[in-house]
Amino acid sequence: MADSGYEPGDHRQHLKHPTNYMETLIHFYKACIGTGIMAMPYAFKEVGWASGLAITIVIGSLCVYMTNRLAISSRRMCILEQKPTMSYVNTANACLKYGPELTKNFKYFGSTANMFLILYQFGCSCIYVVFVSGNLKHVWDYCYPETNPDIRLFMLIVMIPQCIVGLVDNYKHLSYFSLLADICTISGFVLMFACYLLVDTKSLSEISPSNNGVYRFPMFVATVFFSMEAVAIILALENEMKTPKHYTGYFGIVNMAMIPAVVLYTAFGFCGYLKYGEDVKSSATFNLPVGDRIAQVILFSMSFAIFVTYHLSVFVTYDLIWKTYLGGPDESKNTETHVEINFFRHYMIRLAIILGTNLCAMGIPNLSLFIVLLGALTLSVTGFAFIVMMWVCIYWNQYSGVKFAIFIAYNAFLLFLAGCVAVFGLGQAIYDIAIFYDGEETFD
């Protein structure tokens, strides 16, 4: 597979609003820092601080590694197929022809991957709805403790601005919201660390280095996977760049966004557990003393940041559905009537996704349950197993002899890890959901 000298970035004249390095980095970092980080202290409580530190660093490193693998695979396919952009699904389909004979006749790899991506992205949006609505309810319950409204009421209220912002239809315009959201996120974390997590903490002897044995490890691993992976948006962002060659590499966007994110997740999980111990809740924001002004600033800042992340998630979900199943707009038929029809469908699909995510969130209005279920069911497949399969196909003919045996054994081991996460994590999620609906636990 010799390179042809084709540079995908030189052939992206079709992009109306291409993003530069900094705009893409802002989006990527925002996608990395989502609701999952607020669940990290609770996850640390489930396995203990020593186990939590070790597993977070290992899983975080694997997430960075797999994200780079996916971006490199897509770029490799763009060069070999001489196409300016490649989505996750396109990459999955294209790589099959370079793999073993068995894979060349497998027609459903890309469509299967696409279904998992849509499920994952849709589920992420549901989690963001639960997070924002939960924070607003937390504030309301403090101000008006006698009312105690259902969290679903706040979901209905939040849905109104969601529909309005859902009309923004390109990444370049959303980058301004993402920049403001990043500022809110950083400010919220700084305030949370300085005013709460690093003040009046417990000693290490007061918290467990290893809780529950290995019983809760699947829950923890699934939570870390969900928190750090943003698999559906990885190639969506790369495909909008002016200079995609800067996406990977030592100082590429993937490393510059994800490595600091791994450090932040590890520190936040450990410090949150050290501060609140066994009393830590499913979202660290629920532990904040809402009566403090600073706590209110943090809650509203983080809620706004996740509100913006929600719309990035909706944008990607729409993109997957529109381009894969509905064919997207046909620019060759750019008549006034055709544009009006596409315009109507374009926004109706967006609004349908927003409505659907809110309805699902109302069905399971619990943060930790959603996170574990989604991390185990979808990210172990799309963020791990499928990427390994694509990599094996692309480089199938690049090795021989002992190197080939090592190559296959190494990637088979990675597939085994993905399978363990999927099976044990999903089993844990189903068990927790059953307990939740039996009313035995509240999962605050």
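How many cavities of 30 Å³ or more does the count come to? The count comes to three cavities of 30 Å³ or more, where a cavity is a set of points, on a 1 Å grid over the protein atoms alone, at which a 1.4 Å probe fits but cannot get out. This is a predicted model, in which local features need pLDDT of at least 70, side-chain atom pairs count only at pLDDT 80 or more, and totals for chains, interfaces and linings use all residues. Residues are numbered from 1 along each chain as its sequence is written, and side-chain values use heavy atoms, with hydrogens and water left out.

The largest cavity holds about 130 Å³ of space, the volume being that filled by probe spheres set on grid points joined across faces, edges and corners. Its lining is made of 17 residues, each with an atom within 4 Å of a point. Ala-31, Tyr-120, Cys-124, Tyr-128 and Ala-230 lie nearest the centre of this cavity. Helices α6 (109-143), α9 (217-228) and α12 (293-325) each supply at least two lining residues; helices here are DSSP runs (H or I, at least four residues) numbered from the N terminus. The largest share, four residues, comes from α6. By class, the lining divides into nine nonpolar, seven polar and one charged (Ala, Val, Leu, Ile, Met, Phe, Trp, Tyr, Cys and Pro count as nonpolar, Asp, Glu, Lys and Arg as charged, and the others, Gly among them, as polar).

Helix α6 also packs against α7 (residues 151-165), at an angle of about 120° and with the axes 9 Å apart. Axes are lines fitted to C-alpha atoms over the stretch in contact, and angles run from 0 to 180 degrees between N-to-C directions. The contact (heavy atoms within 4.5 Å) includes Val-129, Leu-136 and Trp-140 of α6 and Phe-154 and Met-155 of α7. Its residues divide into nine nonpolar, three polar and one charged.

The whole structure has six salt bridges (a side-chain nitrogen of Lys or Arg within 4 Å of a carboxyl oxygen of Asp or Glu). One of them joins Arg-75 to Glu-7, with the closest N and O atoms 2.7 Å apart. Because Arg-75 lies in helix α3 and Glu-7 in the segment before α1 (21-32), the pair ties together parts that are 68 residues apart in sequence.

Terms used: On a 1 Å grid over the protein atoms alone, a cavity is a set of points where a 1.4 Å probe fits but cannot get out, and a pocket is an open set with protein on both sides within 12 Å along at least five of seven lines; lining residues have an atom within 4 Å of a point.
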